[in-house]
Amino acid sequence: MILNYFSQPDKTAIYTDGQTISYSELNHKTLDYTNTLRFYQLDEGSVVAIQLSSPLEFYFYLLACLELGLTACPIQADSNKDYLDTLLNIAQPELLITDSEIINNKTSSQNNHFRNSAALITFTSGTTGEPKAVCHSLNNLVNCSKSFIKHHNLNSDINMLSVMPHHYMAGILNTFLCPLIAGGSVTIKDSFSAKNATDVFNSLINTKANCLWLSPSMLILATKLLRNKETINALEEKQPIIFIGTAPLPEAAKDAFLKKCKTYVLESYGTSEQLFISSQTIEECEGNNVGSLLPEVKVEFSNDKEILANVPWEAIGYLNTQFLSQSTGDLGVFNSDKLNIIGRKKDIIIKGGVNISPRFLEEAVMKQNKVIDCAVIKSKHDFWGEVPVVFMITEEGFCLDKLISNIEKTIPKEIAPEKFILTENFPRTITGKVIKGELEKLLA
């Protein structure tokens with residue numbers, strides 16, 4: 001069994017609108033869904049694609065797949081047809097579960113060469129090409145969860161507000177498996193969006209939840225829209241645990257939330273392949289870092305400072321490519337035993353032989369008045385080869401001339417941005433990560 005249903009059978013495992021589900025009831029629900037799956041006479045390791053809009057039903061099927069030794073493959077419910085066809089062609093599922101029907105495809109070629117060892121297939125964002133299908137074993141998921149729980153001393157008191165997309169790894173590992181493996185609870189709400197951004201902190205206060213996961217873009221937007229004094233005061237009083245992950249958090253955004261709500265956020269770092277690598281504890285939350293390494297994790301750096309992570313829960317491989325390594329693609333350093341992320345290797349801008357970190361420039365721009373969010377990308381240049389260009393989302397009353405003047409005073413001329421471009425929004429992945437390749441195309 002993945003979860004310990006019987007140590008506290010009457011304790012609430014899941015809260016959702018108008019409904020509570022105890023651990024005993026969750027066990028019965030999981031058994032009901034395993035019986036549904038058994039009807040299709042699937043072999044162990046068979047891929048089951050789950051494309052459901054209901055988070056609750058999605059999680060029931062997910063647990064049932066894990067209990068039966070099937071390979072769950074979550075897919076976003078509203079995926080467009082071309083993208084859906086791409087994912088299904090990669091995963092070759094024997095079963096596709098949708099809101100309207102269950103499609104049995106016993107003639108599938110079963111591309112799963114990790115049959116009998118893969119429990120979960122998730123897809124990378126595919127911002128630079130075809131998405132990679134990352135395979136993790138059940139032991140990977142459980143052991144990583146237990147290590148994160150130990151790192152933060154989490155226990156049955158934890159009640160996680162789940163607003164991450166449920167088909168995404170953060171919605172599975174971070175906000176569902178971790179709290180339940182700790183013996184705690186999950187409060188399921190609609191996935192975060194621009195439409196409900198004003199509600200996320202209200203939900204954190206008005207439910208039994210005491211913990212939350214957000215991406216940086218989610219925190220930035222929710223902080224900007226947070227104006228209710230009662231909610232702000234309640235956050236300061238309640239002091240919930242707020243984890244941040246999936247992308248680098250600008251220091252200015254962290255400071256803005258702390259100033260407004262007197263509440264710290266805890267940054268975490270990981271990848272689709274290595275899962276959790278490091279995470280800030282409450283003692284480490286000050287400063288621009290992503291915390292100390294989780295137990296059992298080891299990190300080295302290449303000559304160009306790329307982070308090489310050795311984790312015991314590394315992915316067992318990809319479905320659609322053979323290459324898997326300890327390389328994370330991120331650049332970093334250690335500072336007092338805490339990991340600092342200094343940039344993304346593929347995003348480094350080389351201007352006349354000088355390496356420029358987009359993250360360094362983004363941090364500088366984010367500290368300027370009336371800047372909501374920004375992204376620094378590389379642009380081709382006839383003389384320098386590459387130069388940095390800044391895309392910005394700003395508030396009403398923003399003054400570009402003043403920002404340029406301030407940047408000139410704080411950034412060396414040889415690495416200063418070549419151009420500043422105002423925009424209303426960024427192309428983003430499902431968790432809010434900026435797709436810089438799309439911005440680069442706008443300059444081509």
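1. Helices H7 and H9 (residues 251-261) have axes that come within 10 Å and cross at roughly 35°; the crossing is left-handed. Leu219, Ile220, Thr223 and Lys224 of H7 meet Ala253, Ala256, Phe257 and Lys260 of H9, where contact means heavy atoms within 4.5 Å. These residues divide into five nonpolar, one polar and two charged. Axes are lines fitted to C-alpha atoms over the stretch in contact, with angles from 0 to 180 degrees between N-to-C directions. Left-handed means the near helix is turned anticlockwise from the far one by less than a right angle.

2. This is a predicted model, with local features needing pLDDT of at least 70 and side-chain atom pairs pLDDT 80 or more, while totals for chains, interfaces and linings use all residues. Residues are numbered from 1 along each chain, and side-chain values use heavy atoms, without hydrogens and water.

3. The second largest pocket has a volume of about 770 Å³. A pocket is an open set of points on a 1 Å grid where a 1.4 Å probe fits, with protein on both sides within 12 Å along at least five of seven lines; lining residues have an atom within 4 Å of a point. Of its 33 lining residues, Phe192, Ser193, Ala194, Met218 and Ile430 lie nearest the centre. The lining has 15 nonpolar, 12 polar and six charged residues.

4. H7 (216-225) also gives the most to this lining, with six residues. H7 and strand E23 (371-381) each supply at least two. Helices have at least four residues and strands at least two, as DSSP runs.

5. Asn27, in helix H1 (residues 23-38), is buried at 7% relative accessible area (buried is under 20%, with a 1.4 Å probe and protein chains only). Leaving out residues up to four places away in sequence, Asn27 touches Met1, Tyr5 and Phe6.

Methods: Grid points are joined across faces, edges and corners, and a volume is the space filled by probe spheres set on the points. Ala, Val, Leu, Ile, Met, Phe, Trp, Tyr, Cys and Pro count as nonpolar, Asp, Glu, Lys and Arg as charged, and the others, Gly among them, as polar. Buried means under 20% relative accessible area, exposed over 50%, partly exposed in between (1.4 Å probe, protein chains only).
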